[in-house]
Amino acid sequence: MTATMNILHIDASARPGRSDTDLHGSHTRRLSARFVERWQKARPADRIDYLDVGQQPPAHVDGRWIHAAFTPPASREPWMAEALAESDRLVDQLVAADLVVIGLPMYNFSVPAQFKAWIDNIVRVGRTFGFDRSRGAVPYWPMLADMGKRVVLLGARGDHGYDAGGRIAHLNHTESSVRSALGYIGITEVFEAAVESDEFGGEQLAQSLRRAEQRVDDLVDALLGPRGRIAAADTTLSAAAA
């Protein structure tokens with residue numbers, strides 16, 4: 001891994017600060033910043049593009065957006081370009097990124113609404129997935145496949161036991177929903193780490209934070225390693241901290 005890379009760093013927490021520097025700060029901002037800072041130390045020439053959807057959320061999809069997005073580009077009226085301008089910018093950011101690092105807290109068992117707005121803007125016909133009725137029973141196809149993009153999801157949860165096999169894993173629709181959306185457009189290499197037990201606090205939370213931070217460090221080191229990549233199925237790195 002020698003060529004300069006583009007890193008898209010996204011934070012989705014409604015909390016504005018980091019829990020390691022600010023009272024009541026965000027754990028996911030803490031983890032995503034740790035990842036990017038460690039990466040930058042190893043590869044200072046890489047470009048970092050930062051997007052804070054937690055503080056500046058994209059506009060939600062509305063009727064005008066849908067009308068514009070599903071109108072063939074050659075037939076679009078001038079207002080449609082304006083309706084899709086933000087989506088175009090967000091898609092361009094994603095297309096340019098080699099690695100996407102996302103601070104993604106769990107809100108009521110799934111992703112924050114402001115992050116879902118980002119998903120809705122980048123999962124877009126003609127830009128990130130194709131559609132052609134003439135293809136028959138499977139008219140859709142991913143347009144970002146085979147681009148080598150990787151995603152790191154760094155989460156935080158109030159309770160514990162949300163990981164696969166955990167006591168309340170069936171309530172976790174956060175990482176799985178993101179994997180589904182990204183996989184649909186062709187991004188399938190996704191890695192995870194998460195803090196749990198935020199609502200418990202004390203040593204239980206402190207231990208989970210330490211494990212999550214170690215996992216972040218391990219992810220960075222592995223992704224920067226000789227092969228430049230790790231397998232998305234590597235549970236020793238993709239499983240979240242308990």
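Author: Welcome! Rings of Phe, Tyr and Trp count as a pair if their centres lie within 6.5 Å. In this predicted model, such ring pairs join Phe-129, Phe-131, Tyr-140 and Tyr-184 into a cluster.

Reader: How many aromatic pairs does the structure hold?

Author: There are 6 aromatic pairs.

Reader: What makes the pair of Phe-129 and Tyr-140 tilted?

Author: Their ring centres are 6.0 Å apart, and their planes meet at 50°. Stacked needs an angle under 30 degrees and edge-to-face one over 60, with the rest called tilted, so this pair is tilted. Phe-129 sits in strand β4 (residues 129-131) and Tyr-140 in strand β5 (residues 140-142), 11 residues apart, and the pair links distant parts of the chain.

Reader: Why is Phe-129 called buried?

Author: Its relative accessibility is 8%. Buried means under 20%, so Phe-129 counts as buried.

Reader: And how do you know whether Tyr-140 is buried, exposed or partly exposed?

Author: Tyr-140 has a relative accessible area of 41%.

Reader: Why is the pair of Phe-129 and Tyr-184 called edge-to-face?

Author: Here the centres are 5.3 Å apart and the planes stand at 65°.

Definitions and conventions
Residues are numbered from 1 along each chain as its sequence is written. This is a predicted model: local features need pLDDT of at least 70, side-chain atom pairs count only at pLDDT 80 or more; totals for chains, interfaces and linings use all residues. Side-chain values use heavy atoms; hydrogens and water are left out. Helices (H or I, at least four residues) and strands (E, at least two) are DSSP runs, numbered from the N terminus. Buried means under 20% relative accessible area, exposed over 50%, partly exposed in between (1.4 Å probe, protein chains only).
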